[in-house]
Amino acid sequence: MQPIKVLIVEDSIVFRELLVQNLGRDPAIRIVATAKDPFEARDLILAHKPDVMTLDVELPRMNGIEFLRKLIPQYPLPVVVISALSDKVFDAMNAGAVDFVAKPSVSSRAQLEEFIRNELLVKIKIASTARISNIKKTVMMQQEQNHHPTVQKNNLIVAIGASTGGTEAIFSVVKDFGTDIPGIVCVQHMPPKFTEMYAKRLNDQCRITVKEAEHGDRVLPGHMLIAPGGDRHMRLIKVNGAYQVEIKEGPRVNGHCPSVEVLFESVAKFAGRDAVGIILTGMGGDGGKGLLSMRKAGARTIGQDESTCVVYGMPKVAYDLGAVEYQEKLGDIAGRTYALLNKM
């Protein structure tokens, strides 16, 4: 198997060298070039044809987001954004980046090297498998907004799980939800603090109300709760007949915390046949067994199809397990959700 050819775009000489040294130690990676700004990067992309590019958001001469908006339509390339704590990262995702990592604010060189090896390296390897053409389709799809029939019952639950490519996929689904939609609980694999910014962004862009979940929050119609990133899992529970979320620390499940698996298993337990489960684009198998538990408990289940996934990992595992009742293109998932809810 050929090593993954990586182009590094980073204006800091020190951080750029750290990236080169640490990423280059992995035999699966070959650093083909480095650039300090998008103008250098443009020429190096044509010369070296990298498999993946890492991209800082704040760059001289042209910022990373503007560069992405110019690059992706003309030269589709998997890009992993390296960002400080800022909601600009979601502009980068909207512009066509596959994934992002939060640049660590640490003074220790050892900690920086650990971040590069354990976080950035993993994202690069996942990005190398991404279907970049599907990112372009997802971004275009977001310009449209569809309307669906009203749901009559309020004691229902919608549960969503996603990973790589999920920030834009989730938006593509929930932008079509009206305030009549039952309460939604969602896990999107994302670093701490970014989940709060993501929730606020969705809240500004969608008709439903979206917030980062807090322990004890009620799950209400027309509202979506997003599990906070970090070291806590989110579960659905029922207290005095009303749905709430429980946010508690716990070990990683399928390599993740919060985990889609944990959420889906709790939905199977407490909502049973009164739920719809949706599994979207993402690497790995997180959520597959949980979605199967939901289906066995009587819930209706939907998986994103291969042709529209950025990474057809999580939905494939769920499908292969028999957990997916309906496999749909991304643009059809909201409509299918409403159709199922209206039959309950």
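**Entry 1: helix 11**

I started with what lies over helix 11: the elements covering its buried residues include strand 6 (157–162), helix 9 (260–270), strand 12 (275–279), helix 10 (288–296) and strand 13 (300–304). I took contact as heavy atoms within 4.5 Å. Helices (H or I, at least four residues) and strands (E, at least two) are DSSP runs, numbered from the N terminus. The model is predicted, so I note that local features need pLDDT of at least 70 and side-chain atom pairs count only at pLDDT 80 or more, while totals for chains, interfaces and linings use all residues. Residues are numbered from 1 along each chain as its sequence is written, and side-chain values use heavy atoms, with hydrogens and water left out.

Which residues of helix 11 (residues 314–321) are buried? I found Met314, Pro315 and Ala318. They cover an arc of only 95° around the axis, so they sit on the same side of helix 11. The arc is that of the directions from the helix axis to the C-beta atoms. Buried here means under 20% relative accessible area, exposed means over 50%, and partly exposed is in between (1.4 Å probe, protein chains only). After helix 11 comes Gly322, with a positive phi near 85°.

Two strands pair if DSSP finds at least two bridges between them. Strands of a sheet pair through backbone hydrogen bonds, either parallel or antiparallel.

How many residues of strand 12 are buried? Five of its five residues are, so to speak, under cover. I checked the faces separately: Ala275, Gly277 and Ile279 are buried on one side, and Val276 and Ile278 are buried on the other. In a regular strand the side chains alternate between the two faces of the sheet.

Strand 12 pairs with strand 6 in the parallel sense over five bridges, and four bridges join strand 12 to strand 13, also parallel. I followed one row across: Ile160 has Ile278 of strand 12 as its bridge partner, and Ile278 has Ile302 in strand 13. Val276 stands opposite Arg300 of strand 13.

Strand 12, helix 10 and strand 13 form a right-handed β-α-β unit. Right-handed means that, with the strands pointing away from the viewer, the path from the first strand over the helix to the second runs clockwise.

**Entry 2: aromatic pairs**

I searched the whole structure and got five aromatic pairs. Phe90 and Phe100 form an edge-to-face pair, 6.1 Å centre to centre with 80° between the planes. Rings of Phe, Tyr and Trp (its six-membered ring) pair if their centres lie within 6.5 Å; planes under 30 degrees apart count as stacked, over 60 as edge-to-face and the rest as tilted. Phe90 is in helix 4 (residues 88–95) and Phe100 in strand 5 (residues 99–102), ten residues apart. Phe90 is buried at 1% relative accessible area, and Phe100 is buried at 4%.

Phe177 and Tyr338 are also edge-to-face, at 5.9 Å centre to centre and 65° between the planes. Phe177 is in the loop between helix 7 (166–174) and strand 7 (183–188), and Tyr338 is in helix 12 (residues 333–341), so this pair ties together parts 161 residues apart in sequence. Phe177 and Tyr338 are both buried. I also noted a cluster in which ring pairs link Phe90, Phe100, Phe194 and Tyr198.

**Entry 3: backbone exceptions**

Most residues other than glycine have a negative phi, and most peptide bonds are trans. Where is the cis bond I noted? It runs from Cys257 to Pro258, with omega near 5°. Pro258 lies in the loop between strand 11 (242–249) and helix 9.

Asn254 is in the loop between strand 11 and helix 9, has a positive phi near 55°, and is partly exposed at 44% relative accessible area. Lys193, in the loop between strand 7 and helix 8 (194–205), has a positive phi of about 75° and is exposed at 57%.
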